[in-house]
Amino acid sequence: MSIGATVETVPTPEEITRHHEPDPSTNPWVDGPPPPRPVEIVPYNPQWPQRYLVVAADIRAALGERVLELQHVGSTAVAGLAAKDVIDVDLTVADPADEDAYLPSLTRIGYRLTVREPDWHEHRCLRLDQPQVNLHVFGPDCPETVRHQMFRDWLRTHPQDRIRYEQAKRSAVPGGGHVMDYNARKEPVIREIYDRMFRAAGLL
């Protein structure tokens, strides 16, 4: 191996299948949690993929070669699945902890940093209000981006689990509270689908 050559690391099955358990003593919110607001699930919008392409083009124009990978993830990336009207994007950069390398450029096009989670693969989440985007920043070869892409692709090709997930989302809405409360209420069904997906992939 030549001096200075990089060694690519691939997430292990254990890393990919491990569910993140947030530390309740930590506060991930950069400027405090947003006020609780009703979660609204809307029918699938066929314009969501095009909206992602516009968002992705803006991010690439702002960051250039600092973008190592961009992926449309989450429910708006699954045709036919009802969702919140928010585009979820996974952005891979060389080092999410080096915020000076990417945050000013994204701030200039309207994104603001809302979440910082050093204990979870150095995850950062940035929010764009128009259109609504959650931009998740991770580093190279991150198991969480693998999980997101696997889950998206599984729902695209397994209609029964897509229906099951949509039902879980709709059932979680009436509980109210913060969006994290909504996420917690649908978590058991998500983990059930993940388990089935991981076993089908030979990871469990």
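User: What is the order of the five strands in the open sheet?

Analyst: This is a predicted model, in which local features need pLDDT of at least 70 and side-chain atom pairs count only at pLDDT 80 or more, while totals for chains, interfaces and linings use all residues. Residues are numbered from 1 along each chain as its sequence is written, and side-chain values use heavy atoms, with hydrogens and water left out. The open sheet has the strand order 1-2-5-4-3, and its pairing is mixed. Helices (H or I, at least four residues) and strands (E, at least two) are DSSP runs that are numbered from the N terminus.

User: What makes strand 1 and strand 3 edge strands?

Analyst: Strand 1 (69-73) and strand 3 each pair on one side only, and they are the edge strands of the sheet. Two strands pair if DSSP finds at least two bridges between them.

User: Why is D161 called buried, whereas D58 is called partly exposed?

Analyst: Buried means under 20% relative accessible area, exposed means over 50%, and partly exposed lies in between (1.4 Å probe, protein chains only). D161, which is found in helix 5 (residues 159-172), has a relative accessible area of 4% and is therefore buried. D58, which is found in helix 2, has 44% and is therefore partly exposed.

User: Which residues are in contact with D161, leaving aside its neighbours within four places in sequence?

Analyst: Contact means heavy atoms within 4.5 Å, and with those neighbours left aside D161 is in contact with W154, L155, I193 and R196.

User: Why are helix 4 and helix 5 called roughly perpendicular?

Analyst: Axes are lines fitted to C-alpha atoms, for helices over the stretch in contact, and angles run from 0 to 180 degrees between N-to-C directions. Helix 4 and helix 5 pack at an angle of about 110°, with their axes 5 Å apart. Angles under 35 degrees count as roughly parallel, over 145 as roughly antiparallel, 65 to 115 as roughly perpendicular and the rest as oblique, so helix 4 is roughly perpendicular to helix 5. In this contact F151, W154, L155, R156 and T157 of helix 4 meet P159, D161, R162 and Y165 of helix 5.

User: What makes helix 4 and helix 6 roughly perpendicular?

Analyst: The axes of helix 4 and helix 6 (residues 179-200) come within 11 Å and cross at roughly 90°, and the two helices are therefore roughly perpendicular to each other. By class, the residues of this contact divide into nine nonpolar, one polar and two charged. Here Ala, Val, Leu, Ile, Met, Phe, Trp, Tyr, Cys and Pro count as nonpolar, Asp, Glu, Lys and Arg as charged, and the others, Gly among them, as polar.

User: What is the largest nonpolar core, and which residues have the most contacts inside it?

Analyst: A nonpolar core is a set of buried Ala, Val, Leu, Ile, Met, Phe, Trp, Tyr and Cys residues joined through side-chain atoms within 4.5 Å. The largest such core has 24 residues, and those with the most contacts inside it are I59, V89, L91, L106, Y111 and L135. Its largest share, six residues, comes from helix 2. L106 touches I59, L63, L91, Y111, L126 and L135, when residues up to four places away in sequence are not counted.

User: Why is E122 called partly exposed, and where does E122 lie?

Analyst: E122 lies in the loop between strand 3 and strand 4, and because its relative accessibility is 27%, E122 counts as partly exposed. E122 also has a positive phi of about 55°, although it is not a glycine.
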